[in-house]
Amino acid sequence: MVKMIIPNVKVCFMILSFVGIVSCQLSSDFYSTTCPDALITIKNEVNSAVSTEARMGASLLRLQFHDCFVQGCDGSVLLDDTSSFTGEKTAGPNAGSLRGFNVIDTIKSKVEALCPRVVSCADIVAIAARDSVVALGGPSWIVQLGRRDSTTASFNSANTDLPGPDSDLSDLITAFSNKGFTTKEMVALSGSHTIGQGSCRFFRDRIYNEDNIDSEFATSLQANCPTSGGDDNLSPIDTTTPTTFDNSYYKNLQNQKGLFHSDQVLFNDGSTDSNVDEYSSDASSFATDFANAMVKMGSISPLTGASGEIRTDCKFVN
C-alpha cells in the first residue's frame, strides 16, 4: 500500500471568483503551542471508531466533502436544526445517509477537555477525514489548520451544490468545477468510493434499468435490493476490497461494476476514461493525486482570523 506525505507548506489556492479567494492563514502547526495534543487525540479516537466499524472511515471522509462543498470548510454541516434555525443535516444529499456526527462529537468533547475553545469543529472534520483514510490503508497528507466554525448553515446550498449518486458526467464536472477542481481532480476524489457502502435506494435504478453494468454484478446486487422495499439495505461501493483504501474502485469501473450511476459514468466511453485507466494501473498516481486534491478541498473558503467562532459543541452555535 502506498504511503506518502505531502510537503509541509502553507497552502493558498486561488479558487474561482464565485467561490472566493482562500485565506493563506492556514498552517500545519496551528495548534502546536495552543493545543499540542490535539492531533494525536483526534487520531486515537478515529482509529478506535474505525476499528469498531470500518464503514465509519468512509463516513468521516464523506463528512469533509459535504462540509466543504457547502459554503466552505466551516463545520456548517455539523449544526443541528433548532426552532429558529434549519441546518444542512436534513437536506436531500445528507438526510438519512450522512453519518459520523457522534464520532466528531466525542472527539470534540475530548479536545475541549484538553484545550477549551481552541480547536474548531471544522478542523476536527478535516483531520478526521485524513486519519480515516490512513486507518484504512490509504495515503496521508499534511492537514492545514486554523479554520473557524460558522454560525450559519445553508439548507438550500446543500441541496444544490452536492452532486448525487444519479449525477451524469457533465453534472459531476460542473459541480466540482464550481468549487475550483479540474476534471481529473474530480476523478481522483471519486476514488473515495473505494471504501464505504451505499443504500439500495441510491442504486436500485442502475441495477435494474441500466445496460452499462456487468450482468452478474447486477444480479448479485438485486438479491439484496429488490424492486420495492429494502431501501436502506447496504452494499459495498467497492466489492473487491470494501474496507481497504486502494485503487480497486477504478478497476471495478473498467469491468462495469460501479455501484452508483455517478461512478460508472466516469468510465463509459467518455472524457474521463483515460483518468480511470491511469488510476487503475498506477496506485501511486492515484494516492498522490487524491491526497493533493484533499489538501485543496480543505482550503475551500475557510473562516479564519476573527471570522466565525470556535464552537464548544459542534451541533450548536455558541
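1. Buried means under 20% relative accessible area, exposed over 50%, and partly exposed in between, with a 1.4 Å probe and protein chains only. Helices (H or I, at least four residues) and strands (E, at least two) are DSSP runs, numbered from the N terminus. In helix α8 (residues 200-209), the buried residues are Cys 200, Phe 203, Arg 204, Arg 206 and Ile 207. They pack against β1 (197-199), α9 (215-222), β2 (234-236) and α11 (261-264). Contact here means heavy atoms within 4.5 Å.

2. A word on the source. This is a predicted model: local features need pLDDT of at least 70, side-chain atom pairs count only at pLDDT 80 or more, and totals for chains, interfaces and linings use all residues. Residues are numbered from 1 along each chain as its sequence is written, and side-chain values use heavy atoms, leaving out hydrogens and water.

3. Now the rings. How many aromatic pairs does the structure hold? There are 14. Rings of Phe, Tyr and Trp (its six-membered ring) pair if their centres lie within 6.5 Å; planes under 30 degrees apart count as stacked, over 60 as edge-to-face and the rest as tilted. Phe 69 and Phe 176 form an edge-to-face pair, 5.1 Å centre to centre with 65 degrees between the planes. Phe 69 sits in the loop between α2 (55-68) and α3 (101-114) and Phe 176 in helix α6 (residues 169-177), so the pair ties together parts 107 residues apart in sequence. Both Phe 69 and Phe 176 are buried.

4. Ring pairs also build a cluster. Its members are Trp 141, Phe 245, Tyr 249, Tyr 250, Tyr 279, Phe 286 and Phe 290.

5. Look next at two helices. Helix α7 (residues 183-190) packs with helix α13 (residues 283-297) at an angle of about 105 degrees, their axes 9 Å apart. Axes are lines fitted to C-alpha atoms, for helices over the stretch in contact, and angles run from 0 to 180 degrees between N-to-C directions. That makes α7 roughly perpendicular to α13 (under 35 degrees is roughly parallel, over 145 roughly antiparallel, 65 to 115 roughly perpendicular, the rest oblique). From α7, the contact uses Lys 184, Glu 185, Ala 188 and Leu 189. The α13 side includes Phe 286 and Phe 290.

6. Leaving aside residues up to four places away in sequence, His 66 touches Val 77, Glu 88, Pro 93, Asn 94, Leu 98 and Leu 162.
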